[in-house]
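Let's work through some contacts and spaces in this protein, one question at a time.

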Amino acid sequence: MKYLIIGAGGTGGCIGAYMTEAGKDVTMIARGAHLAAIQAEGLHMETTRKGNYTVKPVNACDMEHYEEHPDIIFVCVKGYSLDETVPFIRRVAKPETVVIPILNIYGTGGRLQEQLPELLVTDGCIYIAGEIKEPGRLWQNGDIFRVVFGVRDPSEYREVLAEVKKDLEDGGITAVLSDHIRRDALQKFSYVSPAAACGQYYDAMAGDMQKPGEIRDTFAALIHEIDVLADAMGIHFEVDIIQTNLDILDSLTPEASTSMQRDVKKGKASEMDGLIFEVVRMGQQYGVDLPVYKKIARKLREDILQGR
């Protein structure tokens, strides 16, 4: 199958690198200096999982120069860049193309489906600690690399999704074809949202959150509030969500941080609205009090207003 991956950062770049290594037909969409470096020298991978190596050649181009018609499109951009992918997807997709969003923001698939009613858009999420270290070079931190995806409505299931699962696994990626993607995507969100909120509030990295004390307790309290919110949404996790997420946190190297924190530090656009402020809005929507989220959101709004 022909794969298109929109975004070649810590999510899309790692998926693309692993699948390219496995001999899959993959093209990654990138831009600027990152694209130029990939085209010239391949994609350099620095990992704690497989060591350091280079994937070359790599198929990569920008949106303007991509002229193929893929079977599968992975959308691996930040939430604030999602809308700009829609016209491009419309241009290159075939009627049978399946779109698989892999974003941090909960509910992305449903929102994207409304904009692309002619295509099948699933939901999806990823467990990985990865980032662009410099143009053409990705840093993958830790052993975890799991992609979870699936249709929200069982009647929309297509056999091609099982092929996608196999192709991911051929690349050494743990792939889960979910039969309850709303629950499984919210479970991932129950890690990344508290990690971003706690990390930004305390200016903390994984190592700070791994130590017993106030920061770790706040991280756990935020996870608990997502659990309460999930119950109000009619979604029930099958695991101890607090312990599961603490185990994920503890598997990271101490210097790991969330992409939202890194973007804020660089003065770039960030996913703060979708990862933190949206949770407060969801609490209001479902009639759930989320005091820790409210406290953190209040402080972060004050920081924004004061230019901090």
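Q: In which salt bridge does lysine 94 meet its partner, and what is the N to O distance?
A: This is a predicted model, in which local features need pLDDT of at least 70, side-chain atom pairs count only at pLDDT 80 or more, and totals for chains, interfaces and linings use all residues. Residues are numbered from 1 along each chain as its sequence is written, and side-chain values use heavy atoms, with hydrogens and water left out. A salt bridge puts a side-chain nitrogen of Lys or Arg within 4 Å of a carboxyl oxygen of Asp or Glu. Lysine 94 pairs with aspartate 71, N to O, at 2.6 Å.

Q: How many residues apart in sequence are the parts that lysine 94 and aspartate 71 tie together?
A: Helices (H or I, at least four residues) and strands (E, at least two) are DSSP runs, numbered from the N terminus. Lysine 94 lies in the loop between helix 3 (86-92) and strand 7 (98-101). Aspartate 71 sits in the loop between strand 5 and strand 6, so the pair ties together parts whose separation is 23 residues.

Q: Is aspartate 263 buried or exposed?
A: Aspartate 263 forms a salt bridge with lysine 78, with the closest N and O atoms 2.6 Å apart. Buried means under 20% relative accessible area, exposed over 50%, partly exposed in between (1.4 Å probe, protein chains only). Lysine 78, at 25%, counts as partly exposed. Aspartate 263 has 5% relative accessibility, so the class is buried.

Q: Which helix supplies the largest share of the lining of the second largest pocket?
A: A pocket is an open set of points on a 1 Å grid over the protein atoms alone, where a 1.4 Å probe fits, with protein on both sides within 12 Å along at least five of seven lines; lining residues have an atom within 4 Å of a point. Of the 14 lining residues here, the closest to the centre are Tyr106, Gly107, Arg111, Arg182 and Met233. Helix 4 (108-115), helix 6 (181-202) and helix 11 (272-286) each supply at least two. The largest share, four residues, comes from helix 11.
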